[in-house]
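Keep the structure open while you read.

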Amino acid sequence: MTLIALLPIVLIGLIVIVALWLVGVYNGLIRLRNQLENAWAQIDVQLKRRYDLIPNLVETVKGYAKHESGTFERVTQARNMAMSAKTVGDRAEAENVLTGALKSLFAVAEAYPDLKANQNFLRLQEELTSTENKIAFSRQFYNDTVMTFNTRIEVFPVNLVAGMFNFLRREFFEVKGEEQRQAPQVKF
Amino acid sequence: MWEQIRANRRRAVALITLMGAVLLVIGYTAGELFAHGNGVLGLGLALVIFFVQLGVYYGAAETMLLQGANFVELKREDSPRLFNIVEEMKLASGLEFTPRIYLIDDPAPNAFAMGRKPDDCVVAVTTGLVHRLNRDELEGVIAHEMAHLKNHDVQFMTLAAVMLGSIVILAEIVQRVLWLGGGRRRDRSESRGSGGGQAQLIILAVGLIFLILGPLMAQILYFACSRKREFLADACGAQFTRYPEGLASALEKISAASATTSFASKATAPLFIVNPLYAGGGEPSSVFSSHPSTAERIRILRGMAGSSLTDYETAYHKAAQDTLFSRETLKTSQRGTIRAPSDEGPIETRQDIRAPLYRTRGYLKVKCDCGMEISVPEGYEGDEITCIRCGSVLLLPAASKTHAAAPAPTAAGLPPVIPSLAPPLQYRRAGSGWESFRCSCGRTIQLSPSFAASHIHCDDCGRNIEITS
């Protein structure tokens, strides 16, 4: 076979390889993006769980510590603000405030030994601590996935494909100057 | 993060391919030697052995692991803290489904993970582990097990084990035939042409070397794999928790324990977090050890400057003068800071964590109005019982006659370990009033006069029981 006759075969081969690569990259990006959405949804689930647990907690503590109305107000207000936050950044800020309010609520509860022995209170405390941890971990996973995703759509040659199909950079779920773990710790 | 797992998978695939090649070479040689020069027949035999073994392992893995173990599947109310830890780690690791939790009654602290399908995984812990470790340490151990699940280590090690098993079996067969019949040379070498003779001889020689050294090589490869995967799981676990000291101090506590895990065997040992056959995982380090030395693992974890895979790699390199991760994996490694420790102590006392195990031992539970839950012990003959807190007398639901349900004859004559898959028990009703009988797991089951169905399901072990009259 002469070289010229070989050329169309080589060309077709090249096109096929490039097409396959394109498909592979695109699918990978789709998978990553879905992972990202899923990770965000997980955070959402945990945050909602926290919102649901808080009224119960406030009621339980109120039953024993009737005069600490200031703390209860703070917690309820913080919760409402967090539930109504719109952007990722706002939400993160509001969540931080809520965590602080909860910390002070648990600090208040320390002074009431009857409350600390209440089974309901202990159960709620464990659930809230765990929910805080879950928020932290799902946030951690979300941020890790965001980093992987952002890196992937920005390196060459993948960024060409990303640009073609409109894969956009994502924002991290972070608050400036926060500690790594914010679970309200109560010592007995 | 899933990208990283995929990347190290390339190495894993390469190793499996290597073992597979060894298997096929031995098969071919065997065929050449004994099947009148039909190497292909030998190949076929090798493949048959492989797939049969695969089927056996795949079908029996769970049963094998739990054989002889007294275990119960944990429900959330049994230990909400442990449940929460597993859920937290599931989120941190990005696993799609939360694994079920098995609690094993064993004083030796140990844990393992298993899962054939992604939506049906199990993380098992012993009672000895749960009451010894604090929250951070338990988190570290669970994270390590989740890492095994995320890296598909169970499937990988099963495949490697099957490879190894096939190679060993095939080599045994060849040895036997050699011993009995002697290698018969091919009679058709003349008809194959003149130049082929010498090349065939060389191939045969190479094949023989594989035959003799193959099983040894495969074993060394298998155990090297096992050790590397343990390090990998340590690294990923530290990254999930962002707190390597948790796992490090857990390993330290485990190695200080002086008991061996009772139900483990040589075949199932690689799946545990520390070698269960040696107390505290203190096995001598050799080419044939399934786990790296616990001391080395602790040293590496404590030498980490951060919590990312790169930090682990650095610490690993310092301790072992070797590389662990492929360059591909490290490229996508995240920066990882170490978080502050939590100061929660052990999450359950020894009594509390053993309580779920008693569920399956036939304690009839009666609730008194004062809030007390009374466990009626096995063999209690009366119709009433007195509450020890408030003194009120409670009626027991006609549990005076406790018959045992007769088990239908099992197929293999061996007691099946997983009750929900076992053939159903049969119970014949003695009358039409209240009746109670014992399931094979020990739980007392009550039947009311109005019970009319033909089957009942044991709440504790999941066994099906046929009711006949």
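Start with B:Ile104, whose bridge partner in β4(B) is B:Thr126. Strands here are DSSP runs of E with at least two residues, and helices are runs of H or I with at least four, both numbered from the N terminus. This is a predicted model, where local features need pLDDT of at least 70 and side-chain atom pairs count only at pLDDT 80 or more, while totals for chains, interfaces and linings use all residues. Residues are numbered from 1 along each chain as its sequence is written, and chains are lettered from A and ligands numbered from 1 in the order in which they are written.

Strand β2 (residues 100–104) of chain B runs parallel to β4(B), joined by five bridges; two strands pair if DSSP finds at least two bridges between them. Strand β3 (residues 111–115) of chain B also has five bridges to β4(B), but this pair is antiparallel. Here B:Ala113 is the bridge partner of B:Val123. With five residues between them, β3(B) and β4(B) form a hairpin.

How many residues of β4(B) are buried? Six of its six are, where buried means 20 or more other C-beta atoms, placed from the backbone, within 10 Å of the residue's own. In a regular strand, side chains alternate between the two faces of the sheet. In β4(B), one side holds B:Cys121, B:Val123 and B:Val125, and the other holds B:Val122, B:Ala124 and B:Thr126, all buried.

B:Ala124 is also one of the residues touching the most other members of the largest nonpolar core, which has 82 residues. Such a core is a set of buried Ala, Val, Leu, Ile, Met, Phe, Trp, Tyr and Cys residues joined through C-beta atoms within 7 Å.

Conventions
Buried ≥ 20, exposed ≤ 12 C-beta atoms within 10 Å, placed from the backbone.
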